[in-house]
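Q: Hey, can we go through this one together? I'd like to pick a few spots and see what's going on there.

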Amino acid sequence: MSDCVFCKIAAGEIPGKKLYEDDDILAFHDINPVAPVHVLLIPKKHIASGAADLTEEHSAVIGHIFAVAANIARELDIADGFQIITNNGEKVGQTVAHLHFHLLGGGDFRLKLG
Ligand code: AMP
Ligand code: ZN
């Protein structure tokens with residue numbers, strides 16, 4: 001999508017602090033981190049605006065994203081405590097309408113869900 005900031009990062013049109021990249025997905029540091037480790041993982045293709053668009057056909061890429069997230073968590077030494085979240089919809093604060101997963105952790109950080 002021409003107007004999508006994450007499509008532009010995936011295409012190398014705007015810079016991103018990339019941690020991992022292959023043909024299908026990309027991981028990069030969030031520009032405005034809310035945790036000591038705050039990494040975003042995205043499918044490179046604009047396959048979905050958010051989790052509400054997902055279907056069974058996306059299973060492989062989503063599984064791949066989670067496997068890469070686990071590798072990054074190990075590499076960044078947060079494997080003993082991290083969270084992966086995705087926002088779907090402006091109502092819950094989604095600001096970029098390109099499916100993405102936040103990998104959060106480090107220090108005493110904990111997004112309190114309950
Ligand atoms: P969400 O609120 O789930 O849509 O999250 C979007 C995230 O993208 C926010 O945490 C932003 O800080 C982050 N973000 C926006 N623009 C950029 C960018 N150019 N590079 C890295 N992260 C970004
Ligand atoms: Zn996009």
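Q: Okay, where is aspartate 22 found?
A: Aspartate 22 sits in the loop between β1 (18-21) and β2 (25-29). Just keep in mind that this is a predicted model.

Q: Is aspartate 22 buried or exposed, and what is the nearest side chain of opposite charge?
A: Aspartate 22 is buried, yet it has no salt bridge. The nearest side chain of opposite charge is lysine 44, 6.0 Å away.

Q: Then which side chain has a polar contact with aspartate 22?
A: Tyrosine 20 does: the two side chains are joined by a polar contact of 2.7 Å.

Q: And what does aspartate 22 touch, not counting residues up to four places away in sequence?
A: On that count, aspartate 22 touches Lys44 and His64.

Q: Back to salt bridges. How many does the structure hold?
A: There are two salt bridges in the structure. As a bit of background, side chains of opposite charge can pair when their charged atoms come close.

Q: Which residues does glutamate 21 form a salt bridge with?
A: One partner is lysine 18, where the closest N and O atoms are 3.7 Å apart. Another is lysine 44, with the closest N and O atoms 2.9 Å apart.

Q: What does the pair with lysine 44 tie together?
A: Glutamate 21 is in strand β1, while lysine 44 is in the loop between β3 (37-43) and α2 (59-75), so the pair ties together parts that are 23 residues apart in sequence. Salt bridges that share partners also join Lys18, Glu21 and Lys44 into one network.

Q: Why does glutamate 21 count as partly exposed?
A: Because its relative accessibility is 39%, and partly exposed covers what's between under 20% (buried) and over 50% (exposed). Lysine 18 counts as partly exposed too, at 37% relative accessibility.

Q: Switching to the ligand. Which residues come nearest to ligand 1?
A: Of the 16 residues around ligand 1, the nearest are Asp30, Asn87, Thr95, His100 and His102.

Q: What lies 2.9 Å from an oxygen atom of ligand 1?
A: That's a polar side-chain atom of asparagine 87. Histidine 102 has a polar side-chain atom 2.8 Å from an oxygen atom of ligand 1. With valine 96 it's a backbone N or O atom, and that one lies 3.0 Å from an oxygen atom of ligand 1.

Q: How much of ligand 1 does the protein bury?
A: Taken alone, ligand 1 exposes 500 Å², and the protein buries 83% of that.

Q: New topic: where is isoleucine 85 found?
A: Isoleucine 85 is in strand β4.

Q: What is isoleucine 85 in contact with, leaving aside its neighbours within four places in sequence?
A: His100, Phe101, His102, Leu104 and Leu111.

Q: What about helix α2, is valine 61 buried or exposed there?
A: Valine 61 is found in helix α2, and it counts as buried because its relative accessible area is 18%, with buried meaning under 20%. Not counting residues up to four places away in sequence, valine 61 touches Ile25, Pro43 and Ile47.

Q: And where does histidine 58 lie?
A: Histidine 58 lies in the loop between β3 and α2. It counts as buried, at 9% relative accessibility. Setting aside its neighbours within four places in sequence, histidine 58 is in contact with Ile47 and Asp53.

Q: Last ones. What is the phi of aspartate 77?
A: It's near 65°, a positive value in a residue other than glycine. Aspartate 77 is in the loop between α2 and β4 (82-85), and at 67% relative accessibility it counts as exposed.

Q: And serine 2, buried or exposed?
A: Serine 2 is exposed, with a relative accessible area of 70%. You'll find serine 2 in the segment before α1 (5-10). Serine 2 and phenylalanine 101 are 99 residues apart in sequence, and 21 Å apart in space, C-alpha to C-alpha.

Note on methods: Residues numbered from 1 in each chain as written. Chains lettered and ligands numbered in written order. Predicted model: local features only at pLDDT ≥ 70, side-chain atom pairs only at ≥ 80, totals over all residues. Heavy atoms only, no water. Helix = DSSP H or I, 4+ residues; strand = E, 2+ residues; numbered from the N terminus. Buried < 20%, exposed > 50% of the residue type's maximum accessible area, 1.4 Å probe, protein only. Lys, Arg positive; Asp, Glu negative; His and termini not counted. Salt bridge = Lys/Arg side-chain N within 4 Å of Asp/Glu carboxyl O. Polar contact = N/O pair within 3.5 Å; in protein donor to acceptor, adjacent residues only side chain to side chain. Contact = heavy atoms within 4.5 Å. Near = heavy atom within 4 Å. Areas by Shrake-Rupley, 256 points an atom, 1.4 Å probe, with all protein chains shown as cover.
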